[in-house]
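Trainee: Before we start, could you take me through this model by question and answer?

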Amino acid sequence: MAKKALITGLTGQDGSYLAELLVEKGYQVFGLVRRSSSGNLDRISHLSDKVQILSGDLLDQSSLMDVITESSPDEIYNLASQSYVPLSWTQPALTAEYTALGVSRLLESIRRCKPDARFYQASSSEVFGQPDESPQTERTAFRPRNPYGVAKAYAHWMTVNYRQKYGLYSCCGITYTHESPRRGTEFVFRKITLAAAMIKLGMSHDLKLGNLDARRDWCYAKDAVHAMWVMLQQDKPDDFIIASGETHSVRELVECAFRCVGLDWENYVSVDPAFYRPDEAVQLIGSIDKIGKQLNWQPQYSFEQLVELMVDHDLKRLSEK
Ligand code: GDP
């Protein structure tokens, strides 16, 4: 019989890629969708006949229990949260409700309704905040620096605690920044690949950026969701960092994107202090030693390949218009 999976955050970047992967693998896929976000199904419209949407909300325990009982999933992936860091400062309590307490409600629902379901919790490199060491490992202390990171740290420890106390197969993947053509244009990676494509096509003439020396550990969202799935196929649950294991600067990113379209970035890019971030001292870079050794996982796409595929996607999409 086909395995069944329930995904929260189905309509987001990761949820849509994970749904694709699981459908490909022959799973019966269910997605938990909030009524208020049900108008926003763009990323999964191509999967509409392959994924069953169930209405529920991480704020409402009984809806979670109903959805888990109805779908009776073998695997549950919690990819939903209030994930926009600036909003976590203006709405800290709501962020905690979704991102922290939502996970308590999910774990409690699993324990009561489907204790043999395997559970993946989307932890984030934001739990490290201002870490003591670089690269970070699964043993690096959590020092979150914003309400989103604090909420994710709570959710992480609850997931570990339910594993220890109740023996649930529950585990956390600590993901670093991951990108794709489905990423919003407010993020620098997509902002740059889209701008390179627009400039190439004569639809724009310049690009304003902030700190070109900022560095990030960027990986492809498709690689990241594959790691999530692999984590739930093991004999024992465990927590892993999911990252590329290398950092690149915004300068390298912009150079690479413009190279893909045959242009010299220096003729188009200017620095605008409006895009500078205060307080950007520490480098977040994930060690992928553990996931490499234990799960034999590594990213399939290099930084350059990721830039290229995103530029190509935007070129194609814009040319079709
Ligand atoms: P996040 O900070 O990891 O959520 O991802 P972003 O894509 O928003 O930012 C990545 C890095 O790019 C940060 O260190 C920013 O300081 C840097 N950066 C430089 N120029 C820009 C820009 O124009 N927009 C954004 N969003 N980030 C920029």
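**Reading the model**

Trainee: Is Tyr176 buried or exposed?
Mentor: This is a predicted model, in which local features need pLDDT of at least 70 and side-chain atom pairs pLDDT 80 or more, while totals for chains, interfaces and linings use all residues. Residues are numbered from 1 along each chain as its sequence is written, and side-chain values use heavy atoms, with hydrogens and water left out. Buried means under 20% relative accessible area, exposed over 50% and partly exposed in between, with a 1.4 Å probe and protein chains only. Tyr176 has a relative accessible area of 3%, so the class is buried.

Trainee: For which feature does UniProt list Tyr176?
Mentor: Tyr176 is in the loop between β6 and β7 (178-179); helices (H or I, at least four residues) and strands (E, at least two) are DSSP runs, numbered from the N terminus. UniProt positions are given in the numbering used here, feature names are shortened, and annotations may be inferred rather than shown by experiment. In an unreviewed entry, UniProt lists Tyr176 for "active site".

Trainee: Which side chain makes a polar contact with the side chain of Tyr176?
Mentor: Leaving aside neighbours within four places in sequence, Tyr176 is in contact (heavy atoms within 4.5 Å) with residues including Ser125, Phe128, Gln136, Asp217 and Gly286. A polar contact is a pair of N or O atoms within 3.5 Å; within protein, one must be able to donate a hydrogen and the other to accept it, and residues adjacent in sequence count only if both atoms are side-chain atoms. At 2.7 Å, the partner is Gln136.

Trainee: Is Thr175 buried or exposed?
Mentor: Thr175 sits in strand β6 (residues 169-175). Outside four places in sequence, Thr175 is in contact with Tyr120, Ser123, Ser124, Ser125, Met228 and Ile242. With a relative accessibility of 8%, Thr175 counts as buried.

Trainee: Which class does the ring pair of Phe189 and Phe303 have?
Mentor: Rings of Phe, Tyr and Trp (its six-membered ring) pair if their centres lie within 6.5 Å; planes under 30 degrees apart count as stacked, over 60 as edge-to-face and the rest as tilted. The structure holds 11 aromatic pairs. The centres of Phe189 and Phe303 are 6.2 Å apart and the planes are at 80°, so the pair is edge-to-face.

Trainee: How many residues apart in sequence are the parts that this pair ties together?
Mentor: Phe189 is buried at 0% relative accessible area, and Phe303 is buried at 5%. Phe189 lies in helix α6 (residues 188-200) and Phe303 in helix α10 (residues 303-320), so the separation of the parts in residues is 114.

Trainee: Which residue does a cis peptide bond join to Ser134?
Mentor: Most peptide bonds are trans. Here omega is about 0°, and the residue joined to Ser134 is Pro135.
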